[in-house]
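Thanks, everyone. Have a look at the model.

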Amino acid sequence: MGVPDADGQGPPDGLPGLPPEWGRVVVPDDASALADEARQVRRELRRGTRHPRHPGPVRLGFPLLALVISMLVTLAGLAAVTWPRSNRAGGPTVLPRATTASPPVVGPLPALDLVGADDTPVPLRSLLPAMIILVDACACTQEVGTAATTAPAGVTVVTVTEGRSAGPAIATGVRPLGDPAGGLRSYLHLAAHPGTATALLVDRRGTLVRVVPELGPAGDYQADLARLSG
């Protein structure tokens, strides 16, 4: 039952100081009369705890777009730095020349006919086993003479000059031959170097067992030369 306030204001059967839009509020003498309203309030409270409100998804559109753009700019800068540029003068790009030559072929000796001192053809395989010295880039008289005295019995020492002329014998016991077409160097991929004589050691079966790129002291090839007569 409502009671007026100390100043005698308010309805005698209501609560004082409440907004008029709330209407008439009556407090019952028996609290059990509010049981239905209490159950309804508890249901509302339980419903709110079961389905809590989640914050909405964070908008990542703009930060993600900015990150993608920065990555693209970085990649473009790296590509501009590392991409090969053409010659400003418009000329072709000059690549450095390889300094390592192809290794000579070690295998069967080609069946070539060379030219003897009297311009007659000489089958190269008929002179085996042999030490064939290419002297078109260097006569190397001292080295050829050393090879001739080092060669065991049965091993022919031959000098080969590119061209139709065999030339004179450089040392005693050496047979000079000419290679008109340069077939021997071409087959073995051996380039001529000024001041250098190259030696080929070939056994009696026609197998090129060793290439001496620069003929020097006998100790460099003596062991292999001795095995040719075996």
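Start at Asp179, where the side chain reaches the backbone nitrogen of Gly183 at 3.1 Å. Keep in mind that this is a predicted model. Asp179 sits in strand β5, residues 174-179.

Which side chain of opposite charge is nearest to Asp179? That is Arg185, 7.4 Å away. Asp179 is buried, yet has no salt bridge. Beyond its neighbours up to four places away in sequence, Asp179 touches several residues, including Leu114, Val160, Thr161 and Arg185.

So where does Arg185 find a partner? Arg185 forms a salt bridge with Asp136, with the closest N and O atoms 2.8 Å apart. Arg185 belongs to helix α4, while Asp136 is in the loop between β3 and α3, so the pair ties together parts 49 residues apart in sequence. Arg185 is buried, because its relative accessible area is 9%. Asp136 is at 29%, so Asp136 counts as partly exposed.

The structure holds 4 salt bridges. Another one joins Asp203 and Arg205, at 3.3 Å, N to O. Are these two buried or exposed? Asp203 is buried, at 10% relative accessibility. Arg205 is exposed, at 65%.

Next, Arg210. Its salt bridge is with Asp224, again given by the closest N and O atoms, 2.8 Å apart. This pair links distant parts of the chain: Arg210 is in strand β7, residues 208-212, and Asp224 is in helix α5, residues 222-227. They are 14 residues apart. Arg210 is partly exposed, with a relative accessible area of 26%. There is a network here too: salt bridges link Arg210, Asp224 and Arg227.

From Arg210, go across to Met131. Their C-alpha atoms are separated by 9.9 Å, and the two residues are 79 apart along the chain. Met131 lies in strand β3, residues 130-134. Met131 is at 0% relative accessibility, so this residue counts as buried. Leaving aside neighbours within four places in sequence, its contacts include Ala147, Val155, Val157, Leu201, Leu215 and Tyr221.

Last, the surface. Which residues form the nonpolar patch? They are Leu64, Leu67, Val68, Met71, Leu72 and Leu75, with about 590 Å² of accessible area together. Take Leu75, in helix α2, residues 61-82. Leu75 has a relative accessible area of 54%, so Leu75 is exposed.

That's my tour. Over to you.

Notes:
Residues numbered from 1 in each chain as written. Predicted model: local features only at pLDDT ≥ 70, side-chain atom pairs only at ≥ 80, totals over all residues. Heavy atoms only, no water. Helix = DSSP H or I, 4+ residues; strand = E, 2+ residues; numbered from the N terminus. Buried < 20%, exposed > 50% of the residue type's maximum accessible area, 1.4 Å probe, protein only. Lys, Arg positive; Asp, Glu negative; His and termini not counted. Polar contact = N/O pair within 3.5 Å; in protein donor to acceptor, adjacent residues only side chain to side chain. Contact = heavy atoms within 4.5 Å. Patch = residues over 30% accessible without salt bridge, like charges linked within 9 Å, V, L, I, M, F, W, Y side chains within 5 Å. Areas by Shrake-Rupley, 256 points an atom, 1.4 Å probe, with all protein chains shown as cover.
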